[in-house]
Amino acid sequence: MELVLAIAIGLLAGSGVWLLMRPRTFQLIIGLSLLSYAVNLFIFSMGRFPIGAPPILAPGGQGDPASFADPLPQSLVLTAIVIGFATTALFLVVMLAARGLTRGDHVDGRPRQ
Amino acid sequence: MHDAIYLLAAVLLPYLGAVVAALLPANARLLAWLAGCVALATLAMVGLGFAAIEAGGLPRFDLAWAPELGLSFSLRMDGFAGLFAFMVSGIGVLIVLYARYYMSPEDPIPRFFAFLLAFMGSMMGVVLSGNLIQLVFFWELTSLFSFLLIGYWQNVAAARNGARMALTVTAGGGLALFAGVLILGHIVGSYELDAVLASGEAIRAHPLYLPALVLILLGAMTKSAQFPFHFWLPHAMAAPTPVSAYLHSATLVKAGIFLMARLWPVLAGTDAWFNILCPVGLITLLLGAYVAIFQHDMKALLAYSTISHLGLITLLLSLNSDLAMVAAVFHTVNHATFKASLFMAAGIIDHETGTRDIRRLSGLNESMPFTARLALVAAAAMAGVPLLNGFISKEMFFSEALTVATATSVLHGILPVAATLASILAVTYSLRFIHGAFFGPPVDDLPKQPHEPPQFMRVPVEVLVFLCIVVGILPSATIGPLLDKAVRALLGDATPSYSLAVWHGFNLPLAMSLVALAGGIALYRLLYRHLNAGLEGTPLLGFLDGRRAFEQVMVFISWRFARALVRLMATDRLQIQLMLMVCTALLAATLALLPHGLAAGDVALTAVDPVVAIIWAVGGACAIAAAYQAKYHRLAALVLLGSTGLATCLTFIWFSAPDLALTQLLVEIVTTVLLLLGLRWMPRRIETAGSGAPLARLRRLRDFVIAAVSGLGLAAISYAMMTRVSPDGISREFLTRAYKEGGGTNVVNVILVDFRGFDTMGEITVLGVVALTVFALLRRFRPAPESVGVPDQQQGDARDWLLVPSVTMRLLFPVIIAVSIYLLLRGHDQPGGGFIAGLMLAVGILVQYMAGGTRWVEDHLRVLPLRWMGFGLLLAVGTGVAATVFGRPFLTSYFAYADLGPLGKLPLASAVIFDLGVFALVFGATVLILIVLAHQSVRSQRAAPPPPPVEALREPAIAGED
């Protein structure tokens, strides 16, 4: 299972990095999204993969880290997802503005000579 | 405390005066009174200091600032610092008086006096500093204010260039000095001047002595215009004459001398000291004097003569002899008096005749006899004529040169000859100054009819010339006590016995003086014809052009070198920058892993779950396909991206992270819609077959390799991480305390709104800022012309498309709202919370837009996203502040459970109110982004005539926010 997820993270990151270095803005935005999936999963994997471990405490109870899902990476990833959404939105709008101003969709505003 | 008052006042009064002067209206009389009073008060403070020294004390003031860094603000005034402070403030008073009459009413007078006073304060700071770092600080301030003073006439190119050159050279030297002082402080272990002065032996024996010495001397030599850094000084003559008289006699250029003398007890006495300073001083002495003869501008002549005298003082300091040290201090004072008066005399001539060119001037003795006599005496002092102060210190120089000449080295041996030669040259240029301007037949083609200056303009010159004469005739009765205190402060018990008498009998130094006088007169007669021929430039040394060298260096550093560096190291291409970033990250990871390797851990692997395997087989394929299709098939790439997101979401569910899964799902929806809305404005991209030159193909291969290595690397790191036991981190804390102290069973939510509430607040603020930025950017959105028109799909009768789904969506709206509120309320105990509920509600609105179209929704529904955001942020901050009202730290939460009978228990933690704020802000921000994007299509439809898209999109509007 660990291997499957590691490969998944690698695939997402690789595709993301590839798109990051492409010349078109839309490629970049897809690449950033893929990369953020990879990074989120990577952070999430810090809590390992407890299948069936409850994420919610019993009322009045105290959690034992051995039997509960690790809440720390989860809360980190949760904020990361929301911030990722915000940056994607911002980047999209910058992309649109640049598209209007430069008449093209090259990341530098003009194609390579 | 008494000491503290006048020491502080001596430094701070001028600065205070500068601020006041800058604020006053341009009234020359008023400003001069102010500046004069400030300078006089400063002088009085120095007088108080002297009184304290007289009483056997050492006035000082210490204020610990950052003691652990060795930084303190400390002022101390011993006899030597007092002598300099006396010169700075005393000549400052005279300069202010002189400037009152010199400056033209058209000049911005407040600026002049403000800079002059600030410069005076900086000089006082340099001489009175008791801490070396503080000294360097004031040192750089003098560079800065001298820059402003030299460039006072901003409209004159020469002034600007001269100022820039002076700043570059002296402030550059200041940096070297700073480095040197840091080394010195490292050697001594303290930056306090007292501590440094007490550890001379340790400094000279330290292996870092030489670097410290070289750096400190670089600072002093640049400031004091020593060869080869002398070239800035003549160009600084573009300053108003009062500035030149002040900067180049008693203050700026003497700061270097001050520093060398100040550190003389600890740095001097070594061969390195002599071998560096002696040649430099000697060359400066001779070169300055020689070049001075051939200057036609009176101020330039004085400037080179200043360089020469600074060289003389440096030479005296280099000799490692106590007596030479005495002579150096004495000559510093003498030079300040006669050179300041000569500059002022040159200024008077310039002021009253309109020119400073010695070739044009002649016979001014007739029209301005008083000034002529004053200048004559001052110039005679400069030439070293007996019964004037310059003579005595020059005699001391001669006798020192003769004393050291007994040593065997060549450098020592030639000193007497060089000293005599320099004196001959000094007599020649002094003669030229006087004879050229004041004697000969009167001329009547000057720009102005020459006449005597206003009486008070001459007063400063009279005072200084009077001092030259009095010190020259009665040295020990006048300057004697002052000099004695200064020298004792430097040399302590080692102070040699010296005689300040005018007459030492017939001896070799006197003979040298006489030779110099006779030789100087003879040389002037010899050169007379050549000098008056009006030729420019210096014979034999015409190739020595400091300015050209300086400019070439500057052009090289600031232009060619910088450009080459930019060409070499920078790019404005985003792709290359991103590639470099990725490669740097790869390199950093590799370097960090290199010592440890990257082996898998030894935790027993969990069995492969076929479901997860299938999910990721699809997810991975989708990611690769998205990467492949993103260029030409944007919609397909978007769908594939969404599938990858779903795979991620499913993974979160599978591994017990319901909150994450919910958030991911909702964000996925919103992001997809957002990108879909954006697609409409992108240019059409048609796939061309067989694209790619070999170079492009190579580039793609390179990027592919980088991407593959990155992916492999991250996979390897993840695998290595996952196969190791998770360390017992802070999660245990959160798990044990979530219910007990946070009052919630959903630990993730408790972390977000309680334990790490401050982070969350920062995060929602960022979200709000992003939404506002998006809003602002789209207000001025200008689409490309070809995207302005209505898309094909929206033309024609498309009203009834999606009829069934849209009815369903409308019906679902209240359900979505209810679910959203439910998610919000249960968030503390069950999966949900502000983020999720906010996104959910935003999706609800979004669905209405999709179902009814932008116009329909905007007509029927008023969402006020900005108010939601403001409300949310206020609520979140308010919850935090409320805790401080109860005397708890910011954002401390309180909780209790309300028993609602059959409805169950409702958790009533204050964190829930915070979560409500999060909810409102997330909802507001998300909806704002979506609405402004969606609104664009409505606006552009109105934006009919396509060609100027600028017109079409004037008025921004959010739905319902008009």
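**Exercise 1.** At what angle do the axes of helix 1 (residues 2-20) and helix 2 (residues 25-44) of chain A cross?

Before we start: this is a predicted model, where local features need pLDDT of at least 70, side-chain atom pairs count only at pLDDT 80 or more, and totals for chains, interfaces and linings use all residues. Residues are numbered from 1 along each chain as its sequence is written, while chains are lettered from A and ligands numbered from 1 in the order in which they are written.

*Solution.* 
- Helices here are DSSP runs of H or I with at least four residues, strands are E runs of at least two, and both are numbered from the N terminus. Chain A has 3 helices and 0 strands.
- Axes are lines fitted to C-alpha atoms, for helices over the stretch in contact, with angles from 0 to 180 degrees between N-to-C directions. The axes of helix 1 and helix 2 of chain A cross at roughly 155° and come within 7 Å.
- Angles under 35 degrees count as roughly parallel, over 145 as roughly antiparallel, 65 to 115 as roughly perpendicular and the rest as oblique. Helix 1 and helix 2 of chain A are therefore roughly antiparallel.
- Contact requires C-beta atoms, placed from the backbone, within 7 Å. The residues making it include L12(A) and G16(A) of helix 1 of chain A, and G31(A) and L35(A) of helix 2 of chain A.

**Exercise 2.** Where does helix 37 of chain B bend?

*Solution.* 
- In helix 37 of chain B it is about 115°, at G853(B).
- A residue is buried with 20 or more other C-beta atoms within 10 Å of its own, exposed with 12 or fewer, and partly exposed in between, C-beta atoms being placed from the backbone. Helix 37 of chain B has 19 of its 27 residues buried, so it is largely enclosed by the rest of the structure.

**Exercise 3.** Is S656(B) buried or exposed?

*Solution.* 
- Locate S656(B) in the loop between helix 29 (634-654) and helix 30 (658-679) of chain B.
- Check its backbone: phi of S656(B) is positive, about 60°, although it is not a glycine.
- Count neighbours: S656(B) has 21 C-beta neighbours inside 10 Å, so it counts as buried.
- For comparison, N320(B) has 17 other C-beta atoms within 10 Å and is partly exposed; its phi is near 60°.

Technical notes
The bend at a residue is the angle between axes fitted to the seven residues ending there and the seven starting there. Two residues are in contact if their C-beta atoms, placed from the backbone, lie within 7 Å.
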